[in-house]
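Subject: Structure handover

Hi,

Here is the structure I promised to pass on. Have a look at it first, and then read on for what turned up.

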Amino acid sequence: MGDTAPVSSPPRVLPRNDPRQYDELADEWWRPDGAFAMLHWLAEARAALVPPASRPGALLVDLGCGAGLLAPHLTGKGYRHVGVDLTRSALGQATAHGVTVVNGDAIAVPLADGCADVVAAGELLEHVPDWRRAVGEACRLLRPGGLLVLDTLNDTVVSRLVAVHIGERLPTVPRGIHDPRLFVDARELVAECARRGVSLRVRGVRPGLRGMLGWLVRRARGVGPSGRAPRIVPTWSTAVLYQGRGRRQG
């Protein structure tokens with residue numbers, strides 16, 4: 001009998017929003033034009049909402065910190081940066097960028113009540129199975145007067161169209177990275193934060209059009225990163241992507 005060719009296994013197809021995607025994409029975190037390019041832009045915009053620390057030893061807890069993309073934008077602001085994430089491959093990279101890491105779940109954070117001057121929850125809430133529990137944890141961690149900053153995707157038809165049906169066709173955007181059933185209604189989020197003692201204000205944001213078009217052209221031409229990355233700018237509508245900023249009462 002002749003040699004039998006080996007049978008190759010079909011590529012693994014993971015469910016939408018499966019955390020194992022982040023292990024498979026571990027080499028992409030710090031590539032400025034890689035799979036997580038937009039997370040870099042959002043991290044810069046989120047950090048702009050964080051003022052300099054008001055006291056020595058101030059603590060910023062970064063929920064869903066990934067590989068620590070927020071860290072470079074906090075330099076000089078005076079915080080001890082603690083990052084919480086489930087993905088160990090990402091946490092190793094966050095450590096290399098100066099983040100004190102905690103391997104934990106955003107809906108059951110192993111940190112003390114009222115420990116944080118700032119809690120950041122960037123591109124997190126639309127990835128957890130129960131965003132209300134994650135919000136509860138974020139608010140629990142805040143000391144009185146502490147600041148919550150976040151960004152997430154709204155639970156609208158437009159958001160599902162832009163983030164999933166269009167967004168996942170853009171260069172480098174991972175397929176299946178979002179489950180639109182987990183998107184977060186902005187009004188419900190404001191109400192949940194208020195119930196937890198945090199007065200949250202939200203605003204719509206989007207990538208700047210000129211910068212985004214330039215980035216897409218570079219990607220289409222296969223040109224490496226050059227010039228400034230697209231900036232995240234305010235917009236009148238919260239229908240797709242929005243930021244939130246609020247302080248805990250007391």
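(Helices, H or I with at least four residues, and strands, E with at least two, are DSSP runs numbered from the N terminus.)

Before more detail, a word on the ground rules. This is a predicted model, in which local features need pLDDT of at least 70 and side-chain atom pairs count only at pLDDT 80 or more, while totals for chains, interfaces and linings use all residues. Residues are numbered from 1 along each chain as its sequence is written, and side-chain values use heavy atoms, with hydrogens and water left out.

**The whole protein**

The secondary structure comes to eight helices and eight strands. With 250 residues, a compact globule would have a radius of gyration near 18 Å, and the protein has 19 Å, which agrees. (That radius is taken over C-alpha atoms, and the globule rule is 2.2 Å times the number of residues to the power 0.38.) Along the principal axes, the C-alpha atoms fill a box of roughly 80 × 40 × 35 Å.

Of the 250 residues, 48% count as buried. Here buried means under 20% relative accessible area, exposed means over 50%, and partly exposed is in between, with a 1.4 Å probe and protein chains only. The protein exposes about 12,700 Å², and carbon and sulfur atoms supply 56% of that area. (Accessible areas come from the Shrake-Rupley method with a 1.4 Å probe; for residues, only the protein chains shown count as cover.)

Among contacts between residues at least 6 apart in sequence, 74% join residues at least 24 apart; contact means heavy atoms within 4.5 Å. As for charge, there are 32 positive and 24 negative side chains, and the centres of the two sets lie 8 Å apart. Lys and Arg count as positive and Asp and Glu as negative, with His and the chain ends not counted; the place of a charge is NZ of Lys, CZ of Arg, CG of Asp or CD of Glu.

**Aromatic pairs**

A search of the whole structure finds four aromatic pairs. Rings of Phe, Tyr and Trp (its six-membered ring) pair if their centres lie within 6.5 Å; planes under 30 degrees apart count as stacked, over 60 as edge-to-face and the rest as tilted.

One of the pairs is Y22 with F36: the ring centres are 6.0 Å apart and the planes at 15 degrees, so this pair is stacked. Y22 lies in helix α1 (residues 20-24) and F36 in the loop between α1 and α2 (37-47), so the pair ties together parts that are 14 residues apart in sequence. Both Y22 and F36 are buried.

Another pair is W41 with W215, whose ring centres are 5.2 Å apart with planes at 85 degrees, so this one is edge-to-face. It links distant parts of the chain, with W41 in helix α2 and W215 in helix α8 (residues 209-221), 174 residues apart. W41 is buried at a relative accessible area of 4%, and W215 is buried at 3%. There is also a cluster, in which ring pairs link Y22, W29 and F36.

**Some single residues**

T87 counts as buried at 9% relative accessibility. Leaving aside neighbours within four places in sequence, T87 is in contact with P19, Y22, D23 and N103.

Back to V233: at 23% relative accessibility, V233 counts as partly exposed. Beyond its neighbours within four places in sequence, V233 is in contact with G204, V205, R206, P207 and G208. The C-alpha atoms of V233 and T75, 158 residues apart along the chain, are separated by 21 Å.

G136 is placed in helix α5 (residues 131-141) and counts as buried at 10% relative accessibility. Between the C-alpha atoms of G136 and D23, 113 residues apart along the chain, there are 27 Å.

Finally, a couple of backbone angles to look at. N17, in the segment before α1, has a positive phi of about 65 degrees although it is not a glycine. N17 is buried, with a relative accessible area of 12%. E123, in the loop between β4 (116-122) and α5, has a phi near 50 degrees, a positive value in a residue other than glycine. E123 counts as buried at 13% relative accessibility.

Cheers
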